[in-house]
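Here's a walk through a protein model, one neighbourhood at a time. Keep the viewer open and click along as you read.

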Amino acid sequence: MSSSPLLNDLIEALRCLPGVGGKSAQRMAFHLLERERERGLKLATVLQQAMQKIGHCTRCRNFSETPVCAVCASSSRDRHVLCVVESPTDLAAIEQATGFRGQYFVLMGRLSPLDGLGPEELGLGLLSERLAEGEVEELILATNPTVEGEATAHYLAQLARAAGIKPTRLAHGVPLGGELEYVDRGTLAHAFGSRQSVD
Ligand SMILES: [Zn+2]
């Protein structure tokens, strides 16, 4: 405990960040106070505005300051292909790495009954409504290749088929530039099982 109750409050508040424990929070607080007063104030302002003004897009559930985000509102994106991802970070990764020009749906999680995450929490009602609109022809299941991500993809595939839409899954395999002997067994088995014919 320090002699400043405000400092204690600051340290406690910083602990809400992922991976930040008491020691790190203390270091951050001291650093801001000693060396970054100006940027600390800027951080406080931006943080407050972001917390108050950023909500979720009513179409795709991604973070957005407007009711419909820029991607969903864009007329240049293909409305026939919808890519489902677990998080905004995954969406950003796909946007940066691929030339995907379709639209997205962000689950903000994955099916995980133990954590209380079911179809409702993932907005699957909204997704079903979207599929029922009839525009989507392909649903790309870009959830992570974890046990829960796979289970989520399985559930979403059923949802797509029920709506008469083709579900597709991201391929999992050997990393580019990798060597087979160093690839983990699960990945290698999966890559081997989903081998493709060579043109
Ligand atoms: Zn959107």
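Let's start with helix H1: the face turned away from its buried side carries the exposed residues Pro5, Leu6, Asp9 and Glu12. Before going further, a word on ground rules: this is a predicted model, so local features need pLDDT of at least 70 and side-chain atom pairs count only at pLDDT 80 or more, while totals for chains, interfaces and linings use all residues. Residues are numbered from 1 along each chain as its sequence is written, and side-chain values use heavy atoms, with hydrogens and water left out.

"Buried" here means under 20% relative accessible area, "exposed" means over 50%, and "partly exposed" is in between (1.4 Å probe, protein chains only). Helices (H or I, at least four residues) and strands (E, at least two) are DSSP runs, numbered from the N terminus.

On the buried side of H1 (residues 5–14) you'll find Leu7, Asn8, Ile11 and Leu14. Looking down the axis of H1, these buried residues fall within an arc of 130 degrees, so they line one face of the helix; the arc is taken from the directions from the helix axis to the C-beta atoms. What covers them includes helix H2 (22–35), with contact meaning heavy atoms within 4.5 Å.

**The two annotated stretches**

UniProt, in an unreviewed entry, lists "zinc finger region: C4-type" at residues 57–72. The end C-alpha atoms of residues 57–72 lie 8 Å apart, and the span is 19% helix and 12% strand. For residues 80–175, the end C-alpha atoms are 29 Å apart, with 36% helix and 20% strand. UniProt positions are given in the numbering used here, feature names are shortened, and annotations may be inferred rather than shown by experiment.

**Cores**

Which residues have the most contacts inside the largest nonpolar core? They are Leu82, Leu107, Leu127, Leu131, Leu139 and Leu156, in a core of 17 residues. A nonpolar core is a set of buried Ala, Val, Leu, Ile, Met, Phe, Trp, Tyr and Cys residues joined through side-chain atoms within 4.5 Å. Strand S3 (78–85), helix H6 (124–132), strand S5 (138–141) and helix H7 (147–162) each supply at least two residues of this core, and H7 gives the most, with four. A second, separate core of 10 residues includes Ile94, Phe100, Tyr104 and Ile140.

Cys83 is found in strand S3 and is buried, with a relative accessible area of 2%. Not counting residues up to four places away in sequence, Cys83 touches Ile94, Phe100, Gln103, Tyr104, Phe105, Ile140 and Ala142.

The structure holds five salt bridges. A salt bridge is a side-chain nitrogen of Lys or Arg within 4 Å of a carboxyl oxygen of Asp or Glu.

| Salt bridge | Closest N to O |
|---|---|
| Arg39 and Glu36 | 3.0 Å |
| Glu133 and Arg59 | 3.0 Å |

The Glu150 pair links distant parts of the chain, with Glu150 in helix H7 and Arg169 in strand S6 (residues 166–169), 19 residues apart. Glu133 lies in the loop between H6 and S5, and Arg59 in the loop between strand S1 (55–56) and strand S2 (63–64), so that pair ties together parts 74 residues apart in sequence. Glu133 is partly exposed at 46% relative accessible area, while Arg39 counts as exposed at 59%.

Leaving aside neighbours within four places in sequence, Asp90 is in contact with Val85 and Asn144.

Arg61 lies in the loop between S1 and S2, and its phi is near 75 degrees, a positive value in a residue other than glycine. At 18% relative accessibility, Arg61 counts as buried. Met108 sits in the loop between strand S4 (102–106) and H6, with a positive phi near 60 degrees. At 26% relative accessibility, Met108 counts as partly exposed.
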